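Subject: Structure for your files

Hello,

The sequence and structure are below. My notes on what was found follow.

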Protein chains: 2
Amino acid sequence: MIYLDHAAATPVSSKVFEAMKPYFSDEFFNPSAAYLPAKKVASEYEAAKGVIAHAIGAKASDLIMTAGATEANNLAFSAALFGDCLYLATEHDSVRKVADRHYSKEIIVDKNGRLVLDDLKAKMTDNVGLISIALVNNELGTIQPLSEVAAYIREVRADRLARGILQPLYLHSDASQALNLLNVNVARLGVDLLTLNAAKVYGPKGVGALYVSHNIKLLPIFVGGGQERGLRSGTENVPGVIGFAKAVEEAEKHKNGNRKKYAKWKKILLSQLQGYELINKKHSLDNFIVLCYIGIDAERLVFLLEDRGVCVSTGAACAANKGLRSHVLAAIGLSDSEINGSLRLTLGETNDESQIHEAARLINEVVAIERGRNA
Amino acid sequence: MIYLDHAAATPVSSKVFEAMKPYFSDEFFNPSAAYLPAKKVASEYEAAKGVIAHAIGAKASDLIMTAGATEANNLAFSAALFGDCLYLATEHDSVRKVADRHYSKEIIVDKNGRLVLDDLKAKMTDNVGLISIALVNNELGTIQPLSEVAAYIREVRADRLARGILQPLYLHSDASQALNLLNVNVARLGVDLLTLNAAKVYGPKGVGALYVSHNIKLLPIFVGGGQERGLRSGTENVPGVIGFAKAVEEAEKHKNGNRKKYAKWKKILLSQLQGYELINKKHSLDNFIVLCYIGIDAERLVFLLEDRGVCVSTGAACAANKGLRSHVLAAIGLSDSEINGSLRLTLGETNDESQIHEAARLINEVVAIERGRNA
């Protein structure tokens, strides 16, 4: 099998699995229990949070561990309890749907999927409490210029302060797709809230985190035993968080090498594939390749490729599953027929170079079949 | 080590671990993806939900999978969006704290920890939308007569219908501690909403479920990709749910044998231990043994026992951790000094009979030390 859908899911790496293993059946204690074996687990859990936090330039106490990025994104929006929200038109549904619970507006993107700062500025009002912009888009791999947004936010804050406006303004970013290849540092990015996702970095599913800058008041989504500073109750998912930490460590270690590797593979693909238009030409992570085959139904390509052992997608799994047209591709200005012809390939650690050549050959093959059918 | 705190956490059993294993790194696909390997995972996930549902007399589509019992309890309360709530005074914090978000009242319990039905009846009004009563209490192991409550609820419903009162009334139960030893059947119990917890039945941490009877409208706690019928977004925790199903299967298989085993062990403990008063005399699961050593500080016993390799607790881990006095023991009418002297032993699958004898000996030893210190 050639798996080219690493943006949808990554396998748990063997190192992550080995790290998690002892915490299922041996070190299984409830971290809140009073006896030493449980306290040892609690301190290892905290240490794991520290490793994850360190990777983004933060401290363990800045992180609220969650059951994934969706929960973390939802929790982030509680920072804007009484505020309006702005979010990028290309955000994941977990941001768009929670933003819908607020008075909120979309910020438009250009044809590369990059935010249009002037549009953000035009939509800024004194009521805006939260701006949410994913560091890397999950369909295009587009990297957003967050530090430019952060600089603008500093201006807005200074202006509000000068005018006695009390509404705080925070910048949230979903960095789920970023951690594999980018150096993510909350201070350098200028974000106040940052979502992380273990399941996209070869860690376990059902584990995520929200980085929360000091002095930001959040409302817990659910309440109970008071874990995670009262912001996320429930017995800690110890193996999950231990695994997440190992995944982050591994990502840090292999980031630079992987970036070069994927850039090379992308080049191979783009030179060997035929008859496509590249959608994400600029500002995109090298493991994201979005191709448009005009006049072809990309969903048929997915099935023909599946038959040949190649897994690709037409967009975000949760949206594609419901037969929804990609709002991301629409936001960058693609027509319906362009969207229908679009295929997302996301490279990752399950691949090797021979697979890349083979994938190119098979994609060309199925595209030729479809072209023949339509001719 | 002799672990006698199975109500706080259970290890993942080897069968559960083996069942989960393939889903971390091999069958890791996003269940929402369009290609066959992902669809296979999606159908195995649904089948696992079916196994869990079947154990409580329900269907897969009746279950909303969550990241644990706390989340499930919180989600259950969304059924009473505009209704008042009643809950047992001995409920876990995840019920008490979410009930606090509603207009809510506590139902008192008797000295055995059993609900006082007359008190429930006295507190019933036309505004009550939800009653929450754990099937088995997490500190005492008290089994509640839910079917009696359900019968009363049917009367209330009929009366409301006759009077044209539109407020629906639902019965929710947290069955986290019940599944190991009791036959749990939603129809027989008469519950509308039921919380399950993998981490208490030798399944993984961070996995739970809410059974939801037909026609009950819930509000999602968090929103996004629309998984679990839109009620619980986020990529499915496939290994977790597969493991949960195996844990439930194993519990079903060994329930009867384990009940007898724990009853025998309880008898041994109660006959060999000295100078205690048994707190949970009646209506309690046999793996829960709550002892009171008047005049002794049970927290000191926990530490002395830890030193001797015995893990016990003074109550719920999340409360004990914060130095809170047990609200459960207070609710059954214990004085402060009785609460201070109370120790919870919860038996489980990590134990064998020789450990039970050894535990009795060591508990007697540390109690004698403390008695000597106080003399």
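In chain B, the axes of helix α10 (residues 298-307) and helix α14 (residues 353-374) come within 10 Å and cross at roughly 125°. Axes are lines fitted to C-alpha atoms, for helices over the stretch in contact, with angles from 0 to 180 degrees between N-to-C directions. Helices are DSSP runs of H or I with at least four residues, numbered from the N terminus. α10(B) and α14(B) are therefore oblique to each other (under 35 degrees counts as roughly parallel, over 145 as roughly antiparallel, 65 to 115 as roughly perpendicular, the rest as oblique).

The contact (C-beta atoms, placed from the backbone, within 7 Å) is made by Arg300(B), Leu301(B), Leu304(B) and Leu305(B) of α10(B), and by Leu362(B), Ile363(B), Val366(B), Val367(B), Ile369(B) and Glu370(B) of α14(B).

This is a predicted model: local features need pLDDT of at least 70, side-chain atom pairs count only at pLDDT 80 or more, and totals for chains, interfaces and linings use all residues. Residues are numbered from 1 along each chain as its sequence is written, with chains lettered from A and ligands numbered from 1 in the order in which they are written.

Of the contact residues of chain B, 100% recur in chain A.

Between the chains, 54 residues of chain B are in contact with 54 residues of chain A. α5(B) gives the most to that side of chain B, with 4 residues.

Regards

Conventions. Helix = DSSP H or I, 4+ residues; strand = E, 2+ residues; numbered from the N terminus. Contact = placed C-beta atoms within 7 Å.
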